[in-house]
Every structure is written in structure tokens, then in C-alpha cells.
Amino acid sequence: MNTRVLVAKVGLDGHDRGIKVVARLLRDAGMEVVYTGLFQTPETVAVAAIQEDVDVVGLSMLSGAHMTLAPLVVQALRERGSEIPVVLGGIVPPQDLDELRELGIAAVFGPGASAEEIVSTISGIVAHST
Amino acid sequence: MAAESAQERWRRLFNKEALRPGTFATMSGIPLAPVYGPSDGEFPGNYPYTRGVHASMYRTKLWTMRMFAGFGIATDTNARFREIIRAGGTGLSTAFDMPTLLGLDSDDPMSLGEVGRCGVAIDTLADVRDLFAGIDLSNITTSMTINSPAAVMLALFVAQAEESGVARARLGGTLQNDILKEYQAQKEFVFPPRQSMRLVRDTIAFTAAEMPKWNSISVSGYHIREAGSTAVEELAFTLANGFAYVELAREAGLSVDAVAPRLSFFFNAHIDFFEEIAKYRAARRLWAKWMREHYHATEERSWQLRFHTQTAGVSLTAQQPEINIARTAIEALAGVLGGTQSLHTNSMDEALALPSEKAARIALRTQQIIAHETNVANVADPLGGSWFVEELTDEMEREAEVIFALIGKMGEGSMLEGCVRGIEENWFQGRIADSAYELERSFNSGERVIVGVSDFLEGNDDTDLATLRITNEDERKQRARLQQVRLERDTVKVQEALHRLRLEAGDPSVNLMPALIDAAKAYATVGEMMSALADVFGRYVEVPSL
């Protein structure tokens, strides 16, 4: 079965170039992609991910709110009994990376991450978690 | 008497202009003419302005080095503004945080984690007062990069200036206020498009009547390009939006000549050097032709497209961030050779975080090197007459006209209707997403190289650049400040002002600016004013599409 991915914009950040491009690149790699649209909350993302029965959640954040909001998405999933892994892409200062991993973010893709890197990392995470 | 030739007219206009101090010669001492070209060719300051809107261009006045800044709470940004002025910046441009841009208060649940992050947090008049403390607003022009709540921010700015004794008529500056590109590209919308255009109309009419030095809209291609469009799409969508605002003002009973001179433009300076220069030249020519021939503007100021430029944020890399200084310098040079009126240069660290003070200073220094060391500002349109640049300019003009025709067709002859329908039908958004995807594929296939990303990776492990840290402490401080204002203000006055705002929002014949200024003076918050309007206008929800 194809890998299913929910890509989501959480919070107030409207930069949607990255998420749309990555969604298409994931489709090109044979994955099924669902896009939540803009201005989601951690709760709406968790509910959608469980309803859509996805293998991985991809967040896109370029407004600097990732340290607050990304862990809340992980928390909202776990509170609902879901172990779906969460990955993050966007503008993330290097010094935030360790803490994000500790808070349960499975991978972080910075600017310049290649399609190959994103696809292979997500495939690896999904293979590992199922 | 024989008609004045273009060259004679240029000479006459040039001789009227004062010149800045400087040596207009090369380093070897070869004297430089203000412009070069055949005597029967085009000249700057002459219709259709391909070669520049002013006869003397940078010989009279260098471009404004307008650095975009904003972070944390108002006092933090005020300190950065003062630093920019001390360092030789000649204009201010305010970046607001996401809650402010979306018309939410800092204590709104949706604002969690976003307060003061990518701009300054503004909730009430008290914040605007701190933002401009010690800065003479009658002496320095201010640009405010805000769109959905643009009318609200203008009201706060007017209220603050009047409180500090500066009459609204003396305020010089620009409101971005370009709502069309929000739906197309930047996605900071609150109300549905047609309701938003009512607010734009009100700001155009209000500033035309009461603020003679104010530019009502900065029609912005920057965000369209950053969202992934091509240079041609940036050019065509932006000018089409400009035509739409002219038509909107005309519907409100204003003449083209009352509104067109108050529109300024804002373009991206991306890394494809010559294409960018051709884009600026084509933009001036297209605007002049459309204003004169299509909208029958009779005043020269209406034909002249003036623009701000910002280097391309998307061209910056997180890898080897110092090399972004070189990218930004090349992009800034394109803006200058293309005849920009003002310029913002990005900082090297912006693919990682908001700029540090040092990185922002280096970015400003980059402009100063171009302005004061390179000698490029001595001759107007130095690339005019290049076979390559002229042909590229013509081709961009032709391709933009094809897009104008498509938009005009969507609007059955109206560019205003065409732009709104194009948004409602996801046409602009779809084209931008397609172009972004095509470009990304060309990077991934190796067809295009990005230094430090797809090639030349040595040095990528060196990640010791100090970046600006914004902590949640700012969010806590701002919420406390807001709480204090809420306690101290006269609640009855606030409720009365908001009630009036709702009533007047329901009557499209009323201009909402006076009600907004009164609400601002009563210390109504940005979130309260925007909610009152949303009660009447409704809220826009974008249908997600990939």
C-alpha cells in the first residue's frame, strides 16, 4: 500500500509555497498526500491525521512558532492514542534541532532539502514505525 | 515653433534638477554624461519611461535605503529603528508579527507562539506610540507592510501622529494595503475579497482627501514572486492588480489622476540578473502605456511607475549563510541598474532566523557600497541600448500583455473583476503553485545549480553564525502590556466606537476611516476593530488545493 501523508500548516503562517511543492514531490514519489489548508490548530491536525489514517504528518512552519506549535501537534496525536510520526519543514535555526527531536519531532527539513532527502527520510520513518 | 524633441525635453528637465554632490567621472577621470544613447532614442523622464521616471535619476537623489525591520515588542523595534537611522538608513519600513497581520490580538488563542516572532506586535495605540517614540514622523517617511488590517493600522498611525502634534496632512509614507496579492500569494487574508476591496477603496479616498503626502497602496509583486511565480507572472499579475485598484478608485468617483500618482510598486530582485533589470524597464513602459492609453490619465505623475525593490528571500540558503551577502549584492545591483526608487537588502541569516543586528548592518552596507563606491549611480539606465536587455524588455512586455488579455477576459473587460474572479477561481494561485513546482524540479534534476545546496558543499558544516533569538518572554510581556491597556481604558467609549464601526461597515456608502480613527483613539485593539468588521463582512476561508 502507498504511504499516506498529511501535510499541514499550523498557526498563522501563510507561506504555502514549500508545502505545496513538497506535496507534489511526494506524489511524484508515489505517496498519497492530503493537505489540510492554512491556519490549522494542533487539534484539527491530529483529528484529520487520525481520520485520514495517514502514516506520517508533515508540518510546514516559516513564522518562527515551531518550538511552540510543533510539539503541541505531537502531544495532540499522543493524547488521542496515535503514534503517527511528525516531521517538520521550514525556517528552523540549527540550535532548535536537538530540542525538537527530544519533543518528538521525527525529522526536520531545512531550506534546500532535496526531494530525494525528503522522500527517503519519510520512507525510512514510515518503515521504522510500522 | 518646432515640437521639442525627446532629447531637448530631457535636457530641459535635467537642467531644472539640483544635483547631489559627487564627481561624475570614472576613477581614471573620464567624465560621465548623465545618460547615453542616440539623440533620437528614448530618454529618462520621458514617456514611456523605460529608461527611468526622472530625467536626472540618481544624480539628484540616490534611492532610499529603506530597511524593513520589526520584531518583539514595540520598544525593541523602536530601538532597531533608531539604530537604522544612526547607521544612515533614510526610511523606515515596519514589519508586523503574524497576529497583527491577521488582525488578532496578542492574547488571542490563535496567537500562541507567534507574538513578536516575525515582526513587531501591535495591539493598541499605546504600542504605536512606543514604536515611533523619539522619531520625527514629519521628517522621515514610514512604510507599513500590512494588508488585511491596513485601514486599522493607518487609523492607529494617524491617531498617534495627531496625539504627538503632527497633522495627518504632513505624514509621508506608504501603506502596503495590497489585498489582491494576499489571496494570490501571501495568504494573510481576513475578509472575503470583495469586502476587503471596500476597505481599500476607503483608504484610497481618505488619503486622497486628507493625506496629500501618503501613498495609499504599494502594489506588490514581491510576494507573488516569493510564492513561486516567474518574473513575467510577477510583472503581469502586479500591474494587473494596479489596474484593478485604479478601476476601484474610479468606481468610487475618483479620477485616474487623483489615484494613480499615489500608487507605488514593490518588486522582487531575484538572482537572474538581466531578466530582473528587463522586468523593471518593462514595468515602467507598460504602466505608462496603460495609464495613458487605456485609462486616459493626463498627468505625467500618473504615467510614472515608481517602485521599491527587495532582494529575493527565497534565493538565500541556510547552507554557508555568509555567501548570501554576495547573492544579495548582485540582486541589489539589478534593482539599482533597473532604476528603483528605494531598496531593501536582505540579511545573510534570513534562511535561518530573523536578522541579527550585525547581519542587518552588513545588508545596509551592501547598498552603501553600491551607492558610494561603484559609480553605477552616475549614469541613468546604463544598460539601455544593450541589444540583449532591450530585446528581453520587449519580450517581457509582450508576455505580460498576453496575461493581461487573459485577466481582462476573466473580467469581461474589467481588470478589477478579472483579478477578483481569478482569485475566486484559484487561477492566480494555481499558476503560482505550478511555476514554483517547475522551478523546484529543475533544481532537483540538477538542471539548475544552487551553490552550497546542490554543488560546492565544502563549508556546509560550518554553522557558527550567531542568530537572533526571540523567546516566549516577548509574548508574555506583550500580553501583560495589552492587559494593562484593557484595564486603563474607558470601556464604554470603546464599545461605542466599535458599535459605530459595525453600523458604518453595513453601509457601503460610508467611508470607514473616521470611525476607525475614533476607535483607535479610544484604545480599541486591532483584534476588536477587525472582529467588529468581520461581524459584518464575514471571514474568508481558502479552499485547500495542491
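Helices (H or I, at least four residues) and strands (E, at least two) are DSSP runs, numbered from the N terminus. The model is predicted: local features need pLDDT of at least 70, side-chain atom pairs count only at pLDDT 80 or more, and totals for chains, interfaces and linings use all residues. Residues are numbered from 1 along each chain as its sequence is written, chains are lettered from A and ligands numbered from 1 in the order in which they are written, and side-chain values use heavy atoms, with hydrogens and water left out.

Chain A contains an open sheet. Its 5 strands follow the order β2-β1-β3-β4-β5, with parallel pairing; two strands pair if DSSP finds at least two bridges between them. The edges are taken by β2 (32-35) and β5 (105-109) of chain A. Each of these has a single partner strand, so one side of each lacks a neighbour in the sheet. Neighbouring strands are turned by 25 degrees against each other on average, direction ignored. Axes here are lines fitted to C-alpha atoms, for helices over the stretch in contact, and angles run from 0 to 180 degrees between N-to-C directions. Strands β3 (residues 56-61) and β4 (residues 86-90) of chain A run parallel and are joined by 5 bridges. Within β4(A), Leu88(A) is the residue opposite Leu59(A).

Two helices lie across this sheet. Helix α3 (residues 66-79) of chain A lies across β3, β4 and β5 of chain A, at about 160 degrees to β3(A). Contact means heavy atoms within 4.5 Å. Helix α5 (residues 115-129) of chain A also lies across β3, β4 and β5 of chain A, and runs at about 175 degrees to β5(A). Asp53(A) sits in the loop between α2 (42-51) and β3 of chain A. Its phi is near 55 degrees, a positive value in a residue other than glycine. Most residues other than glycine have a negative phi, and most peptide bonds are trans.

Chain B has an open sheet of 9 strands. The order is β5-β4-β3-β2-β1-β9-β8-β7-β6, and the pairing is parallel. At its edges, β5 (214-215) and β6 (217-220) of chain B each pair on one side only. Strand β1 (residues 64-69) of chain B runs parallel to β9 (residues 342-344) of chain B, with 2 bridges between them. Thr64(B) faces Ser342(B) of β9(B) as its opposite residue. Helix α2 (residues 74-86) of chain B packs on the sheet, touching β1 and β2 (91-95) of chain B, and its direction makes about 160 degrees with that of β1(B). Helix α9 (residues 231-251) of chain B packs on the sheet too, touching β6 and β7 (263-269) of chain B, at about 170 degrees to the direction of β7(B). The peptide bond from Tyr47(B) to Pro48(B) is cis, with omega near 0 degrees. Pro48(B) belongs to the loop between α1 (6-16) and β1 of chain B.

A helix pair was also examined in chain B. Helices α19 (residues 491-505) and α21 (residues 526-537) of chain B pack at about 35 degrees, their axes 9 Å apart. Residues of α19(B) in the contact include Val494(B), Leu498(B) and Leu501(B), while those of α21(B) include Met529(B), Ala532(B) and Leu533(B).

The two chains form an interface. Chain B contributes 42 residues to the contact and chain A 38 residues. Together they bury about 3200 Å², 59% of it on carbon and sulfur atoms. Buried area is the accessible area (1.4 Å probe) that two parts lose on being put together, summed over both. In chain B, Met110(B), Tyr437(B) and Leu546(B) lose the most area to chain A, together 22% of what that side buries.

A salt bridge is a side-chain nitrogen of Lys or Arg within 4 Å of a carboxyl oxygen of Asp or Glu. The interface of chain B and chain A holds 3 salt bridges by this rule. Lys187(B) pairs with Asp16(A) in a salt bridge, with the closest N and O atoms 2.6 Å apart. Over all chains the count comes to 47 salt bridges. Asp394(B) and Arg285(B) meet in a salt bridge through their side chains (2.8 Å, N to O). This pair links distant parts of the chain, 109 residues apart: Asp394(B) is in helix α15 (residues 387-410) and Arg285(B) in helix α11 (residues 273-294) of chain B.
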